Amino acid sequence: MLQTWTLEITIAVVSGLGQIMKDCKSHTVCCWIGLFPVILTADPDIASSVLRSKELLNKSKTMYYPLDLTFKGGLVASPATQWVHNRKMIDPSFTNKVLVSFFPIFNKAKDDLIERYNVLVDNKEHKILKSLQTLTLGITVETTMGKVMYRGEQVSKGLAPMYSFVMNILSAEVLMSFLKLGFILELYPKFRKRREQIYQFVNELIQAKLKRGINTSNNNSNTETSDLNNIASNSAIPSIRKEPKIFIDQAIKLYQNQQFTWNDIISESITIVSAAFETTATSVYTTLVMLAMHPEIQQRLFEEILDMFPEKDFYVDFDQLNQLPYLELVINETLRLVPSVPLIGRHIMKDTEIGEHVFPKDSQILISIFHLHRRTDIWGPNAEKFDPERFSVENFEEKQKNAFIPFSKGVRNCIGWRYALFAIKILLCGLIRNYKFETDFKLESLKCTTNITLKYILEPKLRLTKRS
Ligand code: HEM
């Protein structure tokens, strides 16, 4: 009931943003959202200048306050002073080398998903977003926190719905905080309970890891990587590196060196998992929906994947992933048309000149990635259509470069953008190679909220057929 109610508010406020820009016939407008003056923009040059500015590293206070409160800090919402230190400390856990070491986990998850979807081959349409969220949550917990989850029932029975619930309420709280009413949701007992359960889960996980870490040094063996190595040894996949600096190992090391507080470990852990799993699942799901709506594009992609992986059972490595150009175009076009993070914001701490505008101190600038990605003067009259070809080398234009920012830009961009692309590509390779996806849903009927993370108002169902 509360979730339906908050969704209604979200839809009303968000559809208003697009309307404001339309009414003002401008892609940058000053307006009031609730009780706060904001600058709303879908201008690529302004967005680019703001995101690249070293002066504008603080997140919009109203928009990110509920996240800051819930995660007790964390990269996504923390103030610039704290963020600069923590981002520098966490960046090494997202290097190419570390990410490539996750390939066995991504591949295992792909195989798991293919097997699970067997039961959906029955000529009926199915909702699959939840199953994808469960899977990506499992992958994220394993790759960042070092805990194997997706093979058990724990994620589906407990953690995934808990995280999803908290994220849903948070999205609504963000909008209500523009009316200074966010506190109402803070009073909601179920929200507080779920939030507490997530803290407890992360807390116990880190405590256990710390304990194992101490034992580890006593035993002189590396149990921190044991979950990763277990998978490697259980399947016919290339061996993985000996000492991955996955996020949790890095965070614990920083804590032991007194460069991270206990709160830093907890808040950054919750933040990274929250930022990763829904966005990745939404992107995989949206790509499948787009492909189901466009059978000829799906066929072309299937043929590219079939060429690379003639067998149904296969392992995707880094080099192969870079030789699938059409897959790249399809994912880019999906992230353009339906970006998993449609709105981002910065706080102006002092009067700041951007181009010919002066943004006054204490105002907030909201960049609508969703509207920027659909501007007809940049993307052409068919901007609302799904056409991967627009990202081909011949078609992609200079003016579109700053207008395509699904992972944001500048130093405070998405720390997990390469992680996300690797995971999305590997999962899609497996699914498209093994299943054909169909739907009766039409692109024009697609309705989603363009809040802090994208949510489907009506989730298109998909029909699955096995590929031979
Ligand atoms: C398709 C999937 C994803 C999309 C579209 C996406 C998009 C974004 C966007 C637009 C931002 C906001 C940046 C800003 O305010 O300028 C962001 C931030 C962030 N994302 Fe992602 N993201 C995705 C997946 C991931 C994954 C897989 C992870 C982690 C494994 C992750 C971790 C983060 C973190 C920690 C931040 C805050 C970064 C900071 O402020 O330093 N994201 N993401």
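The model is predicted, so to speak of a local feature takes a pLDDT of at least 70 and side-chain atom pairs count only at pLDDT 80 or more, while totals for chains, interfaces and linings use all residues. Numbering starts from 1 along each chain as its sequence is written, and side-chain values rest on heavy atoms, with hydrogens and water left out.

Overall, the chain holds 20 helices and eleven strands; these are DSSP runs, numbered from the N terminus, with H or I over at least four residues for helices and E over at least two for strands. Of the 468 residues, 58% are buried, where buried means under 20% relative accessible area, exposed means over 50%, and partly exposed is in between (1.4 Å probe, protein chains only). Among contacts (heavy atoms within 4.5 Å) with a separation of 6 or more, 75% come from residues 24 or more positions apart.

Next comes a sheet. Four strands form an open sheet in the order β1-β2-β7-β4, with mixed pairing; two strands pair if DSSP finds at least two bridges between them. The edges are β1 (28-33) and β4 (343-347), each of which pairs on one side only. On average, neighbouring strands here are turned by 30 degrees against each other, direction ignored. β4 and β7 (residues 364-368) run antiparallel and are joined by five bridges, and R346 sits opposite I365 in β7. Two helices lie across this sheet. Helix α2 (residues 44-52) lies across β1, β2 (36-41), β4 and β7, at about 125 degrees to β7. Helix α3 (residues 61-71) lies across β2, β4 and β7, at about 100 degrees to β4. Axes are lines fitted to C-alpha atoms, for helices over the stretch in contact, and angles run from 0 to 180 degrees between N-to-C directions.

β8 pairs with β11 (residues 462-466) in the antiparallel sense over four bridges, and R463 in β11 is the bridge partner of E438.

As for helix packing, the axes of α13 (residues 262-293) and α14 (residues 295-308) come within 5 Å and cross at roughly 115 degrees. That makes α13 roughly perpendicular to α14; the cut-offs are under 35 degrees for roughly parallel, over 145 for roughly antiparallel, 65 to 115 for roughly perpendicular, and oblique for the rest. L291, A292 and M293 of α13 meet P295, I297, Q298 and L301 of α14. These contact residues divide into six nonpolar, one polar and no charged (Ala, Val, Leu, Ile, Met, Phe, Trp, Tyr, Cys and Pro count as nonpolar, Asp, Glu, Lys and Arg as charged, and the others, Gly among them, as polar). Also in α13 is T286, which counts as buried because its relative accessibility is 1%. Leaving out residues up to four places away in sequence, T286 touches T334, V338 and Y456.

Finally, the iron. C414 (SG), at 2.3 Å, is the only protein donor of the iron atom of the ligand; donors are N, O and S atoms within 2.8 Å of the metal (3.2 Å for Na, K and Ca), and water is not among the atoms, so sites may look incomplete. C414 is placed in the loop between α19 (398-401) and α20 (417-434). I415 lies in the loop between α19 and α20 and, at 18% relative accessibility, counts as buried. Beyond its neighbours within four places in sequence, I415 is in contact with L75, R87, I90, D91 and F94. I415 and I90 are 325 residues apart in sequence but 8.9 Å apart in space, C-alpha to C-alpha.
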